[in-house]
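Keep the viewer open as you read.

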Amino acid sequence: MKKIIASCAIIASLTACQTNDNVIRDANVSLLALEKPEFSVGETYSYFRNGTRETVMIEAKTAEIYTFKITEGEGAGCTYEGEGPSSPDVKWSDCSGSTGMQTMSKEGDIWPLEIGTMETYDIKGSDNKNTWTSNRKCSVVGTAMLTIGTKTIPAFETVCKDKNNTRTWFYSPDSKWPLQYTKVHRKRGLVLEMVLDLGQDPNG
């Protein structure tokens, strides 16, 4: 396991060292390379989706694919399948009115997480409304201190971009589920924020 020390100089071309709401992109965050988390069937994780609490359960798993089911919140009943929380879904049902699937080819791998690891997906998808193609490029751009409620936690920052959206995840050794996820549309701005429930007041 390699020890990672992030600095502005290392990541200057990818992200600025700055404070943004609850995120401080820190010059001196030290983290070990983070292995890809493995989930067990029956595990549950709760988070606040745009301020509303949801719970997801790992419903099934194969050698490479997990099935996730939202059991509580506005998205209850939605099921989706993929390699993990930050990988593109390969199949989903009853998720915000959409049922569909995606096929994809992948190059590279961001896991284990360490600054500079990259992966790229070429995606073809369809649901009950639309069809699409997409190229998603992902990289671990740095480390940060993330504050959730009263807790401040060191984390890796992973960013994926396609022609319309920038998706960002923060992963910590303290949690298998991402601490925070945001999706920012190039025209509409922030369209989705998910923050792990660590006992904080989502309105605080």
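Before we look at any linings, here is how residues are sorted into classes: Ala, Val, Leu, Ile, Met, Phe, Trp, Tyr, Cys and Pro count as nonpolar, Asp, Glu, Lys and Arg count as charged, and the others, Gly among them, count as polar. With that in hand, please also bear in mind that what you see is a predicted model.

Sorted by class, the lining of the largest cavity has 8 nonpolar, 3 polar and 5 charged residues.

Now step back to the whole chain. Its secondary structure consists of 1 helix and 16 strands. The chain has 204 residues, and 43% of them count as buried. If you take the contacts between residues at least 6 apart in sequence, 40% join residues at least 24 apart.

Next, the inside. The largest nonpolar core has 40 residues, and those that touch the most other members are Val-56, Phe-68, Tyr-80, Leu-113, Trp-177 and Leu-179. Strand E12, residues 131–148, gives the most to this core, with 5 residues. Tyr-80 is a handy one to select in your viewer. Setting aside residues up to four places away in sequence, Tyr-80 touches Val-56, Tyr-66, Thr-67, Phe-68, Ile-70, Asp-89, Lys-91, Trp-92 and Trp-177.

The largest pocket contains about 1500 Å³ of space. Which elements give two or more residues to its lining? They are strands E5 (44–49), E9 (91–95), E10 (98–108), E11 (118–127), E12, E14 (165–172), E15 and E16 (189–196). E15 provides the largest share of this lining, 6 residues. In total 48 residues line the largest pocket, and Asp-89, Arg-167, Tyr-181, Lys-183 and Leu-192 lie nearest its centre. By class, the lining of the largest pocket comprises 21 nonpolar, 14 polar and 13 charged residues.

The second largest pocket holds about 310 Å³ of space. It is lined by 15 residues, with Val-195, Gln-200, Asp-201, Pro-202 and Gly-204 closest to its centre. E12 and E16 each supply at least two residues of this lining, and E16 has the largest share, with 3 residues. Its classes come to 5 nonpolar, 8 polar and 2 charged residues.

Let's zoom in on strand E15, residues 175–185, where Thr-182 has its place. Is Thr-182 buried or exposed? Thr-182 counts as buried because its relative accessibility is 14%, and the cut-off for buried is under 20%. Leaving out neighbours within four places in sequence, the contacts of Thr-182 are Thr-166, Arg-167, Thr-168, Leu-190, Leu-192 and Glu-193. Two of these contacts, Arg-167 and Leu-192, are also listed among the residues nearest the centre of the largest pocket.

Finally, some backbone details. Asp-94, in strand E9, has a positive phi of about 55° although it is not a glycine. Asp-94 has 47% relative accessibility and therefore counts as partly exposed. Ser-96 belongs to the loop between E9 and E10, and this residue, also not a glycine, has a positive phi near 55°. With 70% relative accessibility, Ser-96 counts as exposed. The C-alpha atoms of Ser-96 and Gly-77 are separated by 9.8 Å, and the two residues are 19 residues apart along the chain.

One last stop is the peptide bond from Trp-111 to Pro-112, which is cis with omega near -10°.

Methods: Residues numbered from 1 in each chain as written. Predicted model: local features only at pLDDT ≥ 70, side-chain atom pairs only at ≥ 80, totals over all residues. Heavy atoms only, no water. Helix = DSSP H or I, 4+ residues; strand = E, 2+ residues; numbered from the N terminus. Buried < 20%, exposed > 50% of the residue type's maximum accessible area, 1.4 Å probe, protein only. Contact = heavy atoms within 4.5 Å. Core = buried A, V, L, I, M, F, W, Y, C linked by side-chain atoms within 4.5 Å. 1 Å grid on protein atoms, 1.4 Å probe; cavity = no way out; pocket = protein on both sides within 12 Å on 5 of 7 lines; lining within 4 Å. Points joined across faces, edges and corners; volume = space filled by probe spheres on them.
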